[in-house]
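Please read them with the structure open.

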Amino acid sequence: MQPKVYVDETPRIGFTKYAEKLNSRLAMIGFVSLIALEVFTGHGLIGLVTNL
């Protein structure tokens, strides 16, 4: 009797569902963080960088 071989054939690179979900979630976190930064400081990201 031959042993069963399990091969995972899901793609690891490119436009996969996992990569797209991860990218969109990180983009949402970044966008909300920039809005919170502007609400708490009164300046946007560019305004804070130019005032350093």
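1. Is leucine 37 buried, partly exposed or exposed? Leucine 37 is partly exposed, at a relative accessible area of 27%; buried means under 20%, exposed over 50%, and partly exposed in between, with a 1.4 Å probe and protein chains only.

2. On provenance: this is a predicted model, in which local features need pLDDT of at least 70, side-chain atom pairs count only at pLDDT 80 or more, and totals for chains, interfaces and linings use all residues. Residues are numbered from 1 along each chain as its sequence is written, and side-chain values use heavy atoms, with hydrogens and water left out.

3. The protein has two helices and zero strands (DSSP runs numbered from the N terminus: helices are H or I of at least four residues, strands are E of at least two). Its radius of gyration is 21 Å, well over the 10 Å that the globule rule gives for 52 residues, so the protein is more spread out than a compact globule. That radius is taken over C-alpha atoms, and the rule is 2.2 Å times the number of residues to the power 0.38. Along the principal axes, the C-alpha atoms fill a box of roughly 70 × 15 × 15 Å.

4. Of the 52 residues, 2% are buried.

5. Helix H1 covers residues 17-41, 25 residues in total, and reaches 36 Å from first C-alpha to last, close to the 36 Å expected at 1.5 Å a residue (1.5 Å times one less than the number of residues). Just after H1, glycine 42 takes a positive phi of about 85°.

6. Leucine 37 lies in helix H1. Leaving aside neighbours within four places in sequence, leucine 37 is in contact (heavy atoms within 4.5 Å) with Gly42, His43, Leu45 and Leu48. Its C-alpha is 54 Å from that of lysine 4, which is 33 residues away along the chain.

7. Glycine 44 sits in the loop between H1 and helix H2 (45-50). Glycine 44 is partly exposed, with a relative accessible area of 26%. From glycine 44 to valine 5 the C-alpha separation is 55 Å, across 39 residues of sequence.
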